[in-house]
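Subject: Structure handover

Hello,

Here is the structure I promised to pass on. Please open it first, then read the notes below.

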Amino acid sequence: MYICQLKNLLPLLPTLSPPPPPPPMAISSSISTSSCRQPHKIKLTFSSKCNLLPIFSLPCSSSRFLFTNNSSYSSPIVAEESTHDHHLPVIELDLEIPDLTPKSENLNDFLCGLFRDPRSEELAFDYYQKVKGRPQFRPDKKTLEHIIRYLIRSKKWGSSFSVFEDFKSFDVQPDGDICCRLISSCIRARKFKITEGLLEVFGQNDDVSLLVFNLAMGGYNKLHMFSSTIAVYDRMKSAVAVPNSESYCRVMEAYIKIKDYEKVVTLFQEFESRKIDSSPFLARIYRILCESLGKMGRAFEALEFFRDMTKKGIMEEDAPVYACLICSFASIREVKVAEELFREAEGKKILRDPEVFLKLVLMYVEEGLMERSLEIVKAMENVKIRVSDCIFCAIVNGFSKKRGLRAAAQVYEELISRGCEPGQVTYASIINIYCRMEFYSKAEMVFSEMERKGFNKCVVAYSSMVVMYGKTGRLREAMRLVAKMKERGCDPNVWIYNSLMDMHGRVKNLRQVGKIWKEMKRKKVAPDRVSYTSVISAYSRAGEYETCLRFYEEFRMNGGVIDRAVAGIMVGIFSRSGRVDELVKLLQDMKTEGTGLDERLYRSAMNALRDAGLQVQVRWLQESFYTTM
């Protein structure tokens, strides 16, 4: 680039230096442009007309001329030669200025020069849009690479489609690195339609097609767009691009995420039959295979592949594969194999996945090996992994199920003493256990601790506490707790509503019972069998048998099955109200549904039928229910 600056020209002109102080001077130029292919002659004329500081730039294919100020002279300007300036000194400089208009064959160089300067990139792209229609112009590979870089930096995705068409029409393709950058940028910017257009263009180039297809599949997997990954793989195969190891790895990752494990195995068999050189992705492919086989219940096949790859040195210390295999064998209750793999991984100190420890604890709970579940806690402490709330809760509930409530309470206190911290689920479980053991003071203490730690929206814990208040006759505390949970944005469940109706029904507060029932319906909480039992029992205590009958009919219309609790209440209602026909119908329904009568219900129904003089029904009752008691 040729740069002509005034401050560099003035030292060559000593005879024109005016005496100090120098008067304001200006420069006038005259450029002969009769032929753009010939050198130009520039006349510099000094005058005292102007004190401006413009910059004059002449666009040309290989040079730019810049006139700037000099510290010893006034601001120069560039102007056309005027007839009024003949009395001023004139300097003629014979400077050969390169062609100001680029030749067609030099347009690519000209555009590349503009693209190199970030300030002129937009101008370069606009100029490219204008000249690309010239028959003699053909963009080369370097120009297109500059255009792609400009589109990526400026994020002008809307202009991409026209450039795609240029790729086709000029039959020019950028190299693989540029193509990959463009594909990656489009996926990150969520420009998926443009990505599809790019894949269509680049997929026709054998040199870059495999690169861009693999990159697109990897990008879609990162965005969890697994169906798009599969679609790209299918397009790649239809474009006669031969998949390599990375292609198989990407599409297998997509299929395992959508839980199509059979397809993963099929792809692996195809991959193995082709004997592809796959050292960078082989370990990952086998990891996906082992996980898929484990999920399909084919854990022993997965283990066989793992042992084979270990012998070949491909998967010696692969923590994800160990985790997958241990979880698979734990799920099918293969205790011996799961423990063997766990000891191997523990010896290599590569187990860091909490899910593995949870699966082992659940396996031990199902097998009744409760002491071994505590050994898992010790193993987690050794590798400094925090015992999660799920594992804590699984151990406590496991002891409750297999060893009883007292053993569960003891193991909870033992784990607390070892530094384990319960979460919301464990708190809810131990509160329920304390309430069932009638350790009400401990239940309240744990519930207060749970609230202090911020776990104040657990419906299960609230349910246990409301039931506890109901059993102890503390109706006011129960209502206060329900109001508190509503303030915290936690809606009561059906258990809480059932407890409240039962509590109010015992004190014959039918107004509150009706209010709670209506609130249930308004909140769209579906009543269960206990709900109907509680509300019927409440109205039965108050002697409102018609209301009881209405709720019973609603219960039956909603598909409710008669159990002994409902039967006991309704037998008493029908007997006391003299509704013998309804009593007989109830007994027939119980016989049909296989519901038996206890001694008390049997005697109550028998007395009601005898008092009504229905001897035939008495004999039927004796034949149908006496043997089932």
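Start with how helix packing is described here: axes are lines fitted to C-alpha atoms, for helices over the stretch in contact, and angles run from 0 to 180 degrees between N-to-C directions. Helices (H or I, at least four residues) are DSSP runs, numbered from the N terminus.

Two notes on the source. This is a predicted model, where local features need pLDDT of at least 70, side-chain atom pairs count only at pLDDT 80 or more, and totals for chains, interfaces and linings use all residues. Residues are numbered from 1 along each chain as its sequence is written, and side-chain values use heavy atoms, with hydrogens and water left out.

Helix pairs

Helix 22 (residues 459-471) packs on helix 24 at about 15 degrees, with the axes 9 Å apart. That makes the two helices roughly parallel (angles under 35 degrees). From helix 22, the contact (heavy atoms within 4.5 Å) uses Val459, Tyr462, Ser463, Val466, Val467, Tyr469 and Gly470. Helix 24 supplies Trp495, Ile496, Ser499, Leu500 and Met503. The crossing is left-handed: the near helix is turned anticlockwise from the far one by less than a right angle.

Helix 13 (residues 299-311) and helix 15 (residues 335-348) have axes that come within 13 Å and cross at roughly 30 degrees. They are therefore roughly parallel too. Their crossing is left-handed. Phe300, Leu303 and Arg307 of helix 13 meet Val337, Glu340, Leu341 and Glu344 of helix 15.

The core

The largest nonpolar core has 175 residues. Such a core is a set of buried Ala, Val, Leu, Ile, Met, Phe, Trp, Tyr and Cys residues joined through side-chain atoms within 4.5 Å. Buried means under 20% relative accessible area and exposed over 50%, with a 1.4 Å probe and protein chains only. Phe202, Leu360, Ile395, Ile536 and Tyr552 touch the most other members. Helix 14 (residues 319-331) gives the largest share, 8 residues. Tyr552 touches Ile536, Ile562, Val566, Met570 and Leu586, not counting residues up to four places away in sequence.

Helix 18

How far does helix 18 reach from its first C-alpha to its last? It has 14 residues and reaches 20 Å, close to the expected 20 Å (1.5 Å times one less than its number of residues). Helix 18 is largely enclosed by the rest of the structure, because 10 of its 14 residues are buried. Among them are Asp389, Phe392, Ile395 and Phe399. Their cover includes helix 16 (354-367), helix 17, helix 19 (405-417) and helix 20 (424-436). Gly404 follows helix 18, and its phi is positive, near 105 degrees.

Single residues

Lys384 sits in the loop between helix 17 (370-382) and helix 18 (389-402). Its phi is near 60 degrees, a positive value in a residue other than glycine. Lys384 is exposed, at 73% relative accessible area. Lys508 also has phi near 60 degrees. Its loop runs between helix 24 (494-506) and helix 25 (510-522).

Is Thr143 buried or exposed? Thr143 is buried, with a relative accessible area of 0%. It lies in helix 4 (residues 141-154). Leaving aside neighbours within four places in sequence, Thr143 is in contact with Asn108, Leu111 and Cys112.

Gln512, in helix 25, is buried at 17% relative accessible area. With neighbours within four places in sequence left aside, Gln512 is in contact with Met479 and His504.

Best wishes

Notes. Angles under 35 degrees count as roughly parallel, over 145 as roughly antiparallel, 65 to 115 as roughly perpendicular and the rest as oblique.
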